[in-house]
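Let us read a protein model together, one feature at a time. Keep the structure open as we talk.

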Amino acid sequence: MTTGAEDDHPIVVSFIRQPAEHVTVMRQVGRRLAARRSPSAQKAAAVLVVSAIAVGAALPVFFDLLRTYVFIPVFDLSPSIHRGDMAIIWLVPTLILYALILIYFRWLARRRMAMMQAHIRPDILITVTITPKGATWDSKQSSMWLAWSEIVDIGLRDKRIEFDLEAFATYIPVAAFSSEAEQQAAFARILGFWRAGRAIQP
């Protein structure tokens with residue numbers, strides 16, 4: 001990392017982009033953006049309560065329909081069968097179905113991760129230059145400059161300095177620094193640049 005005694009001296013670091021890490025960051029960014037655009041916590045809690053009440057009210061009706069149109073005529077069970085017995089009978093296939101769905105979605109998530117990683121070129125050297133005016137990510141294939149006014153948040157997450165914009169994010173991994181202490185020192189200076197840059201925006 002290149003630093004200087006002056007507060008406005010640029011910070012320059014380089015790292016090799018790792019596809020797995022890049023995909024992980026993009027997935028976490030997607031979750032943060034979704035949470036940022038989601039309803040408030042109070043609305044979410046209200047929806048959860050209403051949903052629980054609706055499910056609780058619908059279950060007896062559901063089991064009555066199962067009793068009348070499935071268990072008694074199809075499986076030739078006694079008409080005196082109780083809803084509690086039906087719930088126990090229904091529990092086993094429900095748990096099996098839940099386990100199969102869970103296994104499928106975990107497999108699907110791993111497959112999507114592998115596909116995303118396959119589309120990211122490995123071993124790309126990226127050089128990041130941080131100045132009081134903004135930050136630049138340079139490689140042989142591309143260059144991206146961001147003014148501080150474009151960045152809505154900066155955080156140190158999972159040993160990465162992450163820069164959130166309105167619709168995407170970029171980052172600097174700990175591998176760009178010689179130590180975590182150096183990364184934390186750089187992070188403090190970057191926060192200073194960012195806050196100062198946003199403060200002077202019209």
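**Reading the model**

A: Ile 130 is buried, because its relative accessible area is 0%. Buried means under 20% relative accessible area, exposed means over 50%, and partly exposed lies in between (1.4 Å probe, protein chains only). This is a predicted model, where local features need pLDDT of at least 70, side-chain atom pairs count only at pLDDT 80 or more, and totals for chains, interfaces and linings use all residues. Residues are numbered from 1 along each chain as its sequence is written, and side-chain values use heavy atoms, with hydrogens and water left out.

Q: Where is Ile 130 found?

A: Ile 130 is in strand 2. Helices (H or I, at least four residues) and strands (E, at least two) are DSSP runs, numbered from the N terminus. Ile 130 and Val 12 are 118 residues apart in sequence, but 6.3 Å apart in space, C-alpha to C-alpha.

Q: Is Leu 125 buried or partly exposed?

A: Leu 125 also has its place in strand 2. Leu 125 is partly exposed, because its relative accessible area is 49%. Look across to Ser 14: it is 111 residues away along the chain, and the two C-alpha atoms are separated by 6.9 Å.

Q: How many helices and strands does the chain have?

A: The chain has four helices and seven strands. From the N terminus on, the order is β-α-α-α-β-β-β-β-β-β-α. The chain has 202 residues, and 28% of them count as buried.

Q: How do I read a pocket?

A: Start with the general idea. Rolling a probe the size of a water molecule over the atoms shows where empty space is left. On a 1 Å grid over the protein atoms alone, a pocket is an open set of points where a 1.4 Å probe fits, with protein on both sides within 12 Å along at least five of seven lines; lining residues have an atom within 4 Å of a point. Grid points are joined across faces, edges and corners, and a volume is the space filled by probe spheres set on the points.

Q: What is the volume of the largest pocket, and how many residues line it?

A: The volume of the largest pocket is about 300 Å³. Its lining has 17 residues; Arg 17, His 22, Ile 126, Trp 137 and Ser 142 lie nearest the centre. Strand 1 (11-17), helix 1 (19-37), strand 2 (124-131), strand 3 (134-138) and strand 7 (169-173) are the elements that give two or more residues to this lining. Strand 7 gives the largest share, three residues.

Q: How many nonpolar, polar and charged residues are in that lining?

A: There are nine nonpolar, five polar and three charged residues. Here Ala, Val, Leu, Ile, Met, Phe, Trp, Tyr, Cys and Pro count as nonpolar, Asp, Glu, Lys and Arg as charged, and the others, Gly among them, as polar.

Q: How do I read a salt bridge?

A: Side chains of opposite charge can pair when their charged atoms come close. The cut-off: a side-chain nitrogen of Lys or Arg lies within 4 Å of a carboxyl oxygen of Asp or Glu. The structure holds seven salt bridges.

Q: Which residues does Arg 157 pair with?

A: Arg 157 forms a salt bridge with Glu 162, with the closest N and O atoms 3.1 Å apart. Arg 157 also forms one with Asp 164, at 3.6 Å between the closest N and O atoms. Arg 157 and Glu 162 are both buried, and Asp 164 is buried too.

Q: Which residues are linked in a network of salt bridges?

A: The network links Glu 21, Asp 153, Arg 157, Asp 158, Arg 160, Glu 162 and Asp 164. In one of its pairs, the side chains of Arg 160 and Asp 158 meet at 3.6 Å, N to O. Arg 160 is buried, because its relative accessible area is 6%. Asp 158 is exposed, because its value is 53%.

Q: Where does Asp 158 lie?

A: Asp 158 lies in the loop between strand 5 (153-157) and strand 6 (160-164). Its phi is near 50 degrees, a positive value in a residue other than glycine. Lys 159 lies in the loop between strand 5 and strand 6. Lys 159 has a positive phi of about 65 degrees, and is not a glycine either.
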